[in-house]
Amino acid sequence: MNFWNINNLKSAISGVEFYNIPDDFSANGLRVNPGDFTLGNIAVVKKSGEDVGIDETAFENLKAKASAIMCTDEKYFAKFDLPIIKVKNSKDAVIMMAYYMRKVFEGVVIDITGSCGKSTVTKMCYDVLKQYGVSANTNRANINFSIAWNMTSYDINSKYWVNETSLGGGMELNSYLTKPHVAVITNIAPVHLSAKQTLEIIAKTKAKIFTAMNSGDYAILYKDTEHYEILEKVAKDKQLNIITVGEGEDCNIRLSFDNKNIINVYGVEYDFTDLNTPKHLLIDMALTLGVLHALNLPLEPAIKTLSTWAPIIGRGEVLNGEISQGKNIIMVDEAYNANPLSMKSCLESFGITYKDNKKVLIIGDMAEGGVNSIEQHLSLIDVIKNINPDVLICCGKEIKPVWNKLKRFYSGAYYQNVLPLIEDFESWVEDGDCVFVKASHSIELFKLTTMFRNKIKKNSQTK
């Protein structure tokens with residue numbers, strides 16, 4: 001049953017007005033972008049000069065799916081002959097709807113933040129909680145306003161809501177909006193640092209996820225992160241139950257990467273050795289198991305789900321197929337984004353996972369690193385040397401100093417942008433190669449992984 005009827009809209013939005021709307025009206029949430037619009041959504045539509053909503057021209061293709069229009073001018077949009085929900089300010093109305101829906105939600109809310117890994121942990125939590133009933137913003141829309149419009153489409157009858165949340169819009173405001181019962185902080189790292197920011201400031205800001213939590217709620221923390229002590233102090237001051245994840249003997253959920261990949265959850269060991277799972281994903285799995293422990297849910301079904309878990313496109317998805325006749329390769333697609341912590345972690349995991357294979361590294365600029373960009377890029381040199389790739393390819397302006405330092409040691413090339421790299425790609429790989437691809441989204445290495453993904457699909461259809 002759709003949550004948004006006239007009564008709930010009136011309760012949620014101050015000053016709302018209705019035009020051409022039937023008494024039995026209902027909707028399953030709203031959308032402010034055309035890309036993820038689904039049947040029955042309320043369309044937030046904007047006029048020229050307004051900031052929030054779908055452009056009138058784009059809405060033309062969506063109007064058959066829309067249950068109603070939300071706008072600030074009912075006369076202007078009457079031409080679409082749809083029910084109209086008039087509000088004073090569209091952005092404010094969306095946030096008011098999310099606050100109201102959270103107020104009446106009787107289930108458990110899990111919030112996930114951190115410098116990197118939060119999208120992966122959010123998706124993992126969503127997947128392991130599906131059997132119980134869960135809603136989540138798995139579309140990575142994680143700033144305050146984006147969380148709000150996602151929440152308007154959540155299932156009010158779900159047992160669990162899972163929110164990926166970032167600093168955008170204010171972490172404190174996010175906490176008041178979602179009021180989490182369980183909060184996960186994956187790590188603290190130099191991501192998007194401005195000239196005046198420090199990791200200590202980032203840690204204090206991330207810890208504001210605890211702001212609206214109550215005594216006895218749960219904080220799940222990666223103990224091996226930078227400035228863990230800041231996160232722990234804030235959690236203790238809020239009288240939260242703390243579940244620690246890390247490699248130390250004193251961690252509640254302990255990771256071991258020596259001879260076997262073991263996740264020890266409060267004394268019970270789970271062996272992940274046969275999964276060939278990279279270290280950073282095992283850490284994300286351990287954080288997810290921390291959520292299950294906090295919820296007092298059985299771990300075995302989650303272990304089963306995680307043992308076959310597939311990474312998100314651009315976040316570690318492994319592609320395996322034919323790039324050209326007689327030339328099959330494996331490609332690890334990490335092309336969605338990059339920062340110093342995730343780049344090192346993913347490179348190290350790739351080197352371990354494919355240590356017995358021929359390796360091709362394709363790396364680009366880490367635009368998420370912040371002000372110390374040159375030093376952060378040069379810090380990759382030792383990691384690359386440890387991997388000892390057969391081919392090294394660098395793409396982008398910021399990564400060029402790394403290429404200049406290493407070009408005499410490895411076969412490979414430097415490219416200023418991705419298009420000529422795509423043209424030359426087949427000449428750099430041989431049958432059986434394992435290829436690692438990672439850079440910030442702005443470098444557009446995702447065009448390379450998309451090209452390979454499309455070739456695999458095309459080849460499978462012709463066989």
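## Charge and surface

In this predicted model, the protein chain carries 50 positive and 54 negative side chains, and the centres of these two sets lie 2 Å apart. The protein chain exposes about 20,500 Å², of which carbon and sulfur atoms supply 47%.

## Overall dimensions and fold

The radius of gyration of the protein chain is 24 Å, which agrees with the value near 23 Å that a compact globule of 463 residues would have. Along its principal axes, the C-alpha trace spans about 70 × 50 × 50 Å.

The secondary structure of the protein chain comprises 16 helices and 23 strands, and 54% of the 463 residues count as buried. When contacts between residues at least 6 apart in sequence are considered, 64% of them join residues at least 24 apart.

## Helix H4 and its surroundings

Helix H4, which covers residues 118-129, has twelve residues and reaches 16 Å from its first C-alpha to its last, close to the 16 Å expected at 1.5 Å a residue. Because ten of its twelve residues are buried, H4 is largely enclosed by the rest of the structure.

## Arg 31, a buried residue in a strand

Arg 31 lies in strand S4, which runs over residues 30-31. Its relative accessibility is 12%, and because the cut-off for burial is under 20%, Arg 31 counts as buried.

If residues up to four places away in sequence are left aside, Arg 31 touches Asp 36, Phe 37, Asn 41, Ile 42, Ala 43, Val 44 and Ile 54, and also Trp 149, Asn 150 and Ser 153.

## Glu 423, an exposed residue in a helix

Glu 423 is found in helix H15, which covers residues 418-428. With a relative accessibility of 68%, where exposed means over 50%, Glu 423 counts as exposed. Glu 423 and Met 451 are separated by 28 residues in sequence, and their C-alpha atoms are 11 Å apart in space.

Notes
Residues numbered from 1 in each chain as written. Predicted model: local features only at pLDDT ≥ 70, side-chain atom pairs only at ≥ 80, totals over all residues. Heavy atoms only, no water. Helix = DSSP H or I, 4+ residues; strand = E, 2+ residues; numbered from the N terminus. Rg over C-alpha atoms; globule rule 2.2 N^0.38 Å. Buried < 20%, exposed > 50% of the residue type's maximum accessible area, 1.4 Å probe, protein only. Contact = heavy atoms within 4.5 Å. Areas by Shrake-Rupley, 256 points an atom, 1.4 Å probe, with all protein chains shown as cover. Lys, Arg positive; Asp, Glu negative; His and termini not counted. Charge placed at Lys NZ, Arg CZ, Asp CG, Glu CD. Expected span 1.5 Å × (residues − 1).
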